[in-house]
Amino acid sequence: MPDGSNRPEPFTVSEREAVRAACSVWFGEHGRDLPWRRPGTTPWGVLVSEVMSQQTPMSRVVGPWTEWMDRWPTPDDLAEEAPGAAVAAWGRLGYPRRALRLHACATAIAGDLGGVVPSDFQALLALPGVGEYTAAAVVSFAFGGRAAVLDTNVRRVLARIETGVANCGSSTSRADRELASRWLPDSDAQAARWAVSSMELGALVCTARTPLCDRCPVADHCRWLAAGRPMTGAPVRRGQAWKGTDRQCRGVILDLVRNAERGVEVEVALAAWPVRHQAEKCLASLLADGLVHKKDSTLSL
DNA sequence: TAGTCGTGGCT
DNA sequence: TAGCCAAGACT
């Protein structure tokens, strides 16, 4: 259905094939040697890498992922631990609730699925911390299956190549899904190759701020480039406020608890933030989330 | 659907 | 420098 925008004609089948082929060749030459892409990586390893990578630069994930997999090589291993151990190992990756969800995910796999990471999209989607993107990524990267792996990179790449606009929206729309669906090859192998190579193109070349069009393998096919790279389609992506927010406050308190060997007194934690009522509110939310626990007046993970 | 949820590097 | 941005999920 028309959405009010002047959406151009879809690419032809042969145009899409040409783009995917060029992208695949480029990936073969420039794709990064990330540890979870190496042969022998288990589906669990892929799943962990995907959760850690949510809203997080890959460069910061490599270290924690390596330590994590060394310590908990299977879902059963992690499920045997207390959730706090996962939060501690998460370190400063950010969005620490992901650590809790990953632990819950391991518990579900160990308890309900015989310790086996499912290869089915819907089964993956039912796991804690696994949304559409991550479920598709595991299907594709871990099992070589056919799934539309639609993250911010791929949405941006398709928006520029076919739609001809500079930026995609801040969240995945129905139009995005339909577009990605049209680009998804029929075979498992080709779909998996397109998923990893299109994501990598978005991460390394077709970047949000300063795209490297002179190095782009599909520049000849890109409608945005052909149009002179107009700053169109740019959503007013409000900058994430940070200073003085609850998120910062939670981060300060959690960091304090994380670094304390024998726990932290409630009063000490609250004193780490200049606004008392906000600190109390944030501590309460951390306790409610299960990121922090309180015994008597001592806080721990 | 829009708001919330960490952290650090880069421009 | 201040803001932008990074393999999203959840409510």
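Chain A holds 15 helices and three strands in its secondary structure. Both kinds of element are DSSP runs numbered from the N terminus: helices are H or I with at least four residues, strands are E with at least two. The model is predicted; local features need pLDDT of at least 70, side-chain atom pairs count only at pLDDT 80 or more, and totals for chains, interfaces and linings use all residues. Residues are numbered from 1 along each chain as its sequence is written, while chains are lettered from A and ligands numbered from 1 in the order in which they are written.

Along the principal axes, the C-alpha atoms of chain A fill a box of roughly 65 × 45 × 35 Å. The chain has 301 residues, and 35% of them count as buried. Buried means that 20 or more other C-beta atoms lie within 10 Å of the residue's own; exposed means 12 or fewer, and partly exposed lies in between, with C-beta atoms placed from the backbone. Two residues are in contact if their C-beta atoms, placed from the backbone, lie within 7 Å. Among contacts in chain A with a separation of 6 or more, 65% join residues 24 or more positions apart.

Now turn to helix α2, residues 43-53. Of its 11 residues, 10 are buried, so the rest of the structure largely encloses α2. The buried residues include W44, L47, E50 and M52. Their cover includes α3 (58-71), α4 (75-79), α6 (97-112) and α8 (132-143). After α2 comes Q55, with a positive phi near 60°.

A record covers part of this region. UniProt lists residues 52-204 for "domain: HhH-GPD", in an unreviewed entry. Its positions are given in the numbering used here, feature names are shortened, and annotations may be inferred rather than shown by experiment. Over residues 52-204 the chain is 66% helix and 0% strand. The end C-alpha atoms of that stretch are 19 Å apart.

Helix α5 spans residues 83-90, and its residues P83, A86, V87 and W90 are buried. These four cover an arc of only 100° around the axis, which puts them on the same side of α5. The arc is that of the directions from the helix axis to the C-beta atoms. Cover for the buried residues of α5 includes α4 and α6. Just after α5, G91 takes a positive phi of about 60°.

N259 is 168 residues from G91 in sequence, yet their C-alpha atoms are 9.4 Å apart. N259 lies in the loop between α13 and β1. It counts as exposed, because it has 9 C-beta neighbours inside 10 Å.

Next comes DNA strand B. A residue is near the strand if its C-beta atom, placed from the backbone, lies within 6 Å of it. There are 16 residues around DNA strand B, and R92, G94, D246, R250 and G251 come nearest. Helix α13 (residues 246-258) gives the largest share of this surface, six residues. By type, the surface divides into four nonpolar, six polar and six charged residues. Nonpolar covers Ala, Val, Leu, Ile, Met, Phe, Trp, Tyr, Cys and Pro; charged covers Asp, Glu, Lys and Arg; the others, Gly among them, are polar.

Finally, the sheet. Strands of a sheet pair through backbone hydrogen bonds, either parallel or antiparallel. Here three strands form an open sheet in the order β1-β3-β2, with antiparallel pairing. β1 (264-265) and β2 (293-295) stand at the edges with a single partner strand each, so one side of each has no neighbour in the sheet. Strands pair if DSSP finds at least two bridges between them. β2 and β3 (residues 298-300) pair over three bridges. In β3, S300 is the bridge partner of H293.
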